[in-house]
Amino acid sequence: MPQRNNLSRSLVALDQDSTLIAVVEMSQSTWLVGGVLPGIERQPRKKLEPSPEQLLGVLHRWRDEAVRTGCNITRIALAFEAGRDGFWLARWLMARRVEAHVIHPSSVAVSREHRRAKTDRLDTELLKRSFLGWLRGERGHCSMARVPTIDEEDAKRPNRERECLVKERTRLVNRVKGTLARLGIRNFRPSLRNAAEHLAAL
């Protein structure tokens, strides 16, 4: 039986002569975009404000630059790591004819032979190598997260909110128990409905 694609490799053949490839290293204050342009030997990088419009403008400018060398660009493929920004950027780009992918951060292989320098430029190069391998269909480079629709994300929100509230309640109950233990009161359950009356009796 055919196996379901687990997004560990691309199932679309890569024609590198007609594909503009880009990655984005995202931080709260800036985005660093790195590209691989057909027909152009250099691999450009551009630092931007966190703006999807500016990002799209850079991609279109790079596409036009590649077209001027005689390449026919039919595909723009971009990837970035999943993080605090979620999936909104991928949906925004896909609505504007950009093939956007979200990389699982833990799936990117990192050398552990020695302590690795940590800069946006080096992270961009690492993402670029991983994304290129994924696009070629090679296994072991990285895995992609499926981009959910807005409705699918909204459907998950109640469960996530409940998990946060349960954790917060547990934290508060433990603090109350710790405070009471210092006063010599043990085996008290602050979560009981009549906890206040029971505490007064103690």
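Strand 4 and strand 5 (residues 99-103) lie side by side in this predicted model, running parallel and joined by five bridges. One of the facing pairs is A79 with H101 of strand 5. To get from one strand to the other, look at helix 2 (residues 88-94): together with strand 4 and strand 5, helix 2 forms a right-handed β-α-β unit.

Strand 4 has another partner too. Strand 1 (residues 19-26) also pairs with strand 4 in the parallel sense, this time through six bridges. Here I21 sits across from A77 of strand 4.

Nonpolar side chains tend to be buried together in soluble globular proteins. The largest core here has 30 residues, and V24, L55, L59, L78, F80 and L93 touch the most other members. At least two residues come from each of strand 1, strand 2 (31-36), helix 1 (52-68), strand 4, helix 2 and strand 5. Helix 1 is the top contributor, with six residues.

Take F80 as an example: beyond its neighbours within four places in sequence, its contacts are V24, M26, G86, L89, A90, H101, V102 and I103. There's also a second, separate core of 15 residues, with A77, A79, V108 and W134 among them.

Notes: Residues numbered from 1 in each chain as written. Predicted model: local features only at pLDDT ≥ 70, side-chain atom pairs only at ≥ 80, totals over all residues. Heavy atoms only, no water. Pairing = 2+ DSSP bridges. Helix = DSSP H or I, 4+ residues; strand = E, 2+ residues; numbered from the N terminus. Right-handed = clockwise from strand over helix to strand, strands pointing away. Core = buried A, V, L, I, M, F, W, Y, C linked by side-chain atoms within 4.5 Å. Buried < 20%, exposed > 50% of the residue type's maximum accessible area, 1.4 Å probe, protein only. Contact = heavy atoms within 4.5 Å.
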